[in-house]
Amino acid sequence: MNAIHWRSRSRATPVTAYDDMPYTRGGAVDRADVGALVQSAVDGDAAAWKALVEGLSPLVWSVVRAYRLSDADAHEVYQTVWFRFAQHLGRIREPEKAGSWLASTARHESLKVLRGLKRTTPTDDPQLLDRVSEDRTPEQSLLDSEEAAAQSERVRHLWQEFAELGERCRQLLRVLMATQPPSYQEVSASLGIAVGSIGPLRQRCLRRLRARLEARGAV
Amino acid sequence: MTNTDGTEGTDGTDGTGGPDDMDDMSGDDAFDDDFDLDLLEEELRRAAGILDPIPAQLQQLAVEAFALHDLDARIAELTFDSVTDAIPVRGAVDVPRMLTFHVGGVTVDVELTGQGLMGQVLPPQTARIEVLRGPQVGSTLTTDDMGRFTSTEPPAGPFALRLRTDEGTVVTDWLTA
């Protein structure tokens, strides 16, 4: 998995290095590496670029999904963001904040597409439930096995309740659940909300989601 | 987020689902609650990995985008975009999208319509212009003496222009057409 590859590059870094972190989140651990990877990529190291893509592309994907872009728009914005990042590589002032740069670019580009002439139907998260059967990943195949049926049910319920949360919570959680947990700085850049408000908002949204799950007896 | 295996570190009470844990908590209860919420977030992360993962082919396009890395080209910054900078005309449909890019003394004006694109390089000069949609080579246009250019292929999706002028290469900021 990409995640393992990414994490294997990480070094132990004191938490105090991150001024925006109330506590350590997974993404933060790798942050010191991001600056070094950007520098290597600037110097022409394609492997460093690949590691950046693998580490940060879940964040970009989560942002475009948080804004409910259609599949086609999400794919286009995702590409625009990475093309622009490749173009600006070496001119980015704070390479260690490349994640925030990408998140902020994804946010602006998503909002622009939503405002633009194109009016496409936003993605309906519950619709995604129907996709499980289409393109199978190992995880999906696992869900098919009989002993995993209950777990599959739980995942579906969780996703349904998540999709029906209010827009603010749905957006925040969609960004937070990126495969590589983003730092609060990156979440802030993704959604244009203050770093200090993310922790309390996160708690409130997760509690709300849990209450919904409890109400349907799915805990 | 490593504690996905249950109740480690929570003195045996796993704290799930108490109705009274919504707001005023202290000490162990608050700790248990944070721990629960971390687990819930982790569960969402797994669900997203199953139900809305990033398509592998899409991520591959980002890997290939490394080819766009070009330190020698100057980047013409987007300074005007009618989508965000213009006041919409009421009732107008299919209005062209107007874009302006700047770098140094060079300005590139572009107009995108459903029929194609046209534009002008200022000050007027001849240049070869490549319409980019990705790392691959794009279609090439040549400006006239006035710096004007047209294409009948309407750009869709990621889009940038690469201009080769007497003074070197200029690439416009990428945007989504």
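Trainee: In which sense do strand 5 of chain B and strand 8 of chain B pair?

Mentor: Please keep in mind that this is a predicted model. Strand 5 of chain B and strand 8 of chain B are joined by 5 bridges. One residue of this pairing is B:Val131, which stands opposite B:Leu161 in strand 8 of chain B. The sense of the pairing is antiparallel.

Trainee: Which residue of strand 6 of chain B stands opposite B:Val131?

Mentor: Strand 5 (residues 128-132) of chain B also pairs with strand 6 (residues 139-142) of chain B, in the antiparallel sense and over 4 bridges. A hairpin of 6 residues links strand 5 of chain B to strand 6 of chain B. In strand 6 of chain B, the residue opposite B:Val131 is B:Ser139.

Trainee: How many residues of strand 8 of chain B are buried?

Mentor: A residue counts as buried when its relative accessible area is under 20%. Strand 8 of chain B spans residues 158-165 and is mostly covered. Of its 8 residues, the number buried is 7.

Trainee: Through how many residues does the hairpin join strand 8 of chain B to strand 9 of chain B?

Mentor: Strand 8 of chain B and strand 9 (residues 168-172) of chain B run antiparallel and are joined by 4 bridges. Within this pairing, B:Arg162 has B:Val171 as its bridge partner in strand 9 of chain B. The hairpin that joins strand 8 of chain B to strand 9 of chain B passes through 2 residues.

Trainee: Which residue in strand 10 of chain B is the bridge partner of B:Phe159?

Mentor: Strand 10 (residues 175-176) of chain B pairs with strand 8 of chain B in the antiparallel sense, over 2 bridges. The bridge partner of B:Phe159 in strand 10 of chain B is B:Leu175.

Trainee: Where is B:Pro123, and what is the form of the peptide bond from B:Leu122 to B:Pro123?

Mentor: B:Pro123 is placed in the loop between strand 4 (116-122) and strand 5 of chain B. Most peptide bonds are trans. For the bond from B:Leu122 to B:Pro123, omega is near -5°, and the form is cis.

Trainee: Is B:Arg45 buried or exposed?

Mentor: B:Arg45 belongs to helix 1 (residues 27-51) of chain B. Its side chain makes a polar contact with the side chain of B:Glu42, at 2.8 Å. Because the relative accessibility of B:Arg45 is 6% and the cut-off is under 20%, B:Arg45 counts as buried.

Trainee: Let us turn to chain A. How many helices and strands are there in chain A?

Mentor: From the N terminus on, the elements of chain A run α-α-α-α-α-α-α-α-α-α-α. Of the 219 residues in chain A, 53% are buried. The count for chain A is 11 helices and 0 strands.

Trainee: Which residues does A:Leu56 contact, leaving aside its neighbours within four places in sequence?

Mentor: A:Leu56 is found in helix 4 (residues 46-66) of chain A. It counts as buried because its relative accessibility is 5%. The C-alpha atoms of A:Leu56 and A:Val34 are 9.2 Å apart, although 22 residues separate the two along the chain. With those neighbours left aside, the residues in contact with A:Leu56 are A:Val34, A:Trp82, A:Ala98, A:Gly99, A:Leu102 and A:Glu186.

Trainee: What is phi of A:Arg68 near?

Mentor: A:Arg68 lies in the loop between helix 4 and helix 5 of chain A. Most residues other than glycine have a negative phi. A:Arg68 has a positive value, near 55°.

Trainee: What area do chain A and chain B bury between them?

Mentor: The contact takes 63 residues from chain A and 56 residues from chain B. Carbon and sulfur atoms account for 63% of the buried area. That area is about 5,400 Å².

Trainee: How many salt bridges are counted between chain A and chain B?

Mentor: One salt bridge is formed by A:Lys112 with B:Asp81, whose closest N and O atoms are 2.7 Å apart. Between chain A and chain B, the count of salt bridges is 9.

Trainee: Which helix gives the largest share of the side of chain A that touches chain B?

Mentor: The elements giving two or more residues to that side include helix 3 (31-42), helix 5 (71-88) and helix 6 (98-115) of chain A. The largest share, 12 residues, comes from helix 5 of chain A.

Technical notes:
Residues numbered from 1 in each chain as written. Chains lettered and ligands numbered in written order. Predicted model: local features only at pLDDT ≥ 70, side-chain atom pairs only at ≥ 80, totals over all residues. Heavy atoms only, no water. Pairing = 2+ DSSP bridges. Buried < 20%, exposed > 50% of the residue type's maximum accessible area, 1.4 Å probe, protein only. Contact = heavy atoms within 4.5 Å. Buried area = accessible area lost by both parts, 1.4 Å probe. Salt bridge = Lys/Arg side-chain N within 4 Å of Asp/Glu carboxyl O. Polar contact = N/O pair within 3.5 Å; in protein donor to acceptor, adjacent residues only side chain to side chain.
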